[in-house]
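Please examine the sequence and the structure below before reading on.

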Amino acid sequence: MQDTWPLLESFYKEKGLVRQHLDSYNDFIEHKLQQVIDEAAGIELEIEGHSVKFGRIKLDKPRVKEADGSRPSILPNEGRLRNLTYSSPIYLEMILVESGREHQPVEVYIGEMPVMLKSKLCGLNGMSEGELIAAGEDPLDPGGYFVINGSERVIVTQEDLASNSILVERDERAATEVAKVFSTHRGFRALVIVERKKDGLLRVSFPAVPGHVQFVVLMRALGLEKDREIVDAVSDDPEIVKELFENLQEAVEVKTKEEALDLIGRRVAIGQTKEYRLQRAQEVLDRYLLPHIGSRPADRVQKAYYLGRMAERTIELALGRREVDDKDHYGNKRLKLAGDLLENVFRLAFINLTRDIK
């Protein structure tokens, strides 16, 4: 045990106590900010033939806006003393597209980004001990926090279940077996559940579709029309295949992909024409069902096979072949650091900004 202390001491001397937050924040400002912009790509204006494309996003060094309109640079201690927020202005390159013709890009100020002390964006980054003392800072201060209205604030790490990972559990009250996944893509998080009822029938629930959808119906809607294709997507084990017979028999009247899509469409587009129901059902499957796999029509078969894996695990749990997953095990959890949480806030704020521009 004594041999480990020099190793721990060396680790903390080299990395410090907040290196994880600094690395997360640096990754956010260097890569994830631009990824959020690239996801949005641009907006269609209400004026016909006009749109706006988004280019590069840029963060200036930390500045403060004075009463005379000037924007001098600032260090954290000045923010503490003057009750200011230590932040950097954000500029986004916007390009007006008029009838297919692109105008010259223009840098537009879109807001302020709080700056984490000792991050790559911070003026203290790279300063020597003497320079830090001259700037009014403690050389032993590790950073990793913000100065907001003169007060020092931290972003607390949040613990969350792992995204895009299948977890199986048993609902003792309803006497059912459940496989669930928090499918996450570009900030959108969709809970998809495959549930095995007491009678052995499988049901699937996911956002935008009220209630539960029969497992076999959903598989056919995703492109696996034949019974053999559905069975092969789940398992080749005879005992598990036997569990699927009742599900196939239940959906015997829904034989084609179009019929399955129409059945789902009747739930999401009540009272609409068949053509619109089919279109709406496909949009829902692409957008809300397992979005981490993809959102194109070509991704539907992959989604079907993923649902097959979820169904297999629920049946294995019912047959006693696997144990319930421990949600409290750290292998099934993730820690959201400062950069991850700021990315979610920025994405939401940017979506609201684009709506205002329209």
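Helices are DSSP runs (H or I, at least four residues) and strands are E runs of at least two, numbered from the N terminus.

Ile 240, Glu 243 and Leu 244 of H7 meet Glu 312, Ile 315 and Glu 316 of H10, where contact means heavy atoms within 4.5 Å. Three of these residues are nonpolar, none is polar and three are charged.

## The largest pocket

The largest pocket holds about 610 Å³ of space. A pocket is an open set of points on a 1 Å grid where a 1.4 Å probe fits, with protein on both sides within 12 Å along at least five of seven lines; lining residues have an atom within 4 Å of a point.

The lining has 18 residues, and His 185, Arg 186, Phe 188, Arg 287 and Ile 351 lie nearest the pocket centre. H11 gives the most, with six residues.

## Confidence

The chain has a mean pLDDT (the predictor's confidence in each residue, from 0 to 100) of 92, and 99% of its residues reach 70 or more. Confidence is lowest in helix H1 (residues 4–15), at a mean of 79, and highest in strand S6 (residues 146–148), at 97.

Residues are numbered from 1 along each chain as its sequence is written, and side-chain values use heavy atoms, leaving out hydrogens and water. As this is a predicted model, local features need pLDDT of at least 70 and side-chain atom pairs count only at pLDDT 80 or more, while totals for chains, interfaces and linings use all residues.

Note on methods
Points joined across faces, edges and corners; volume = space filled by probe spheres on them. Nonpolar A, V, L, I, M, F, W, Y, C, P; charged D, E, K, R; others polar.
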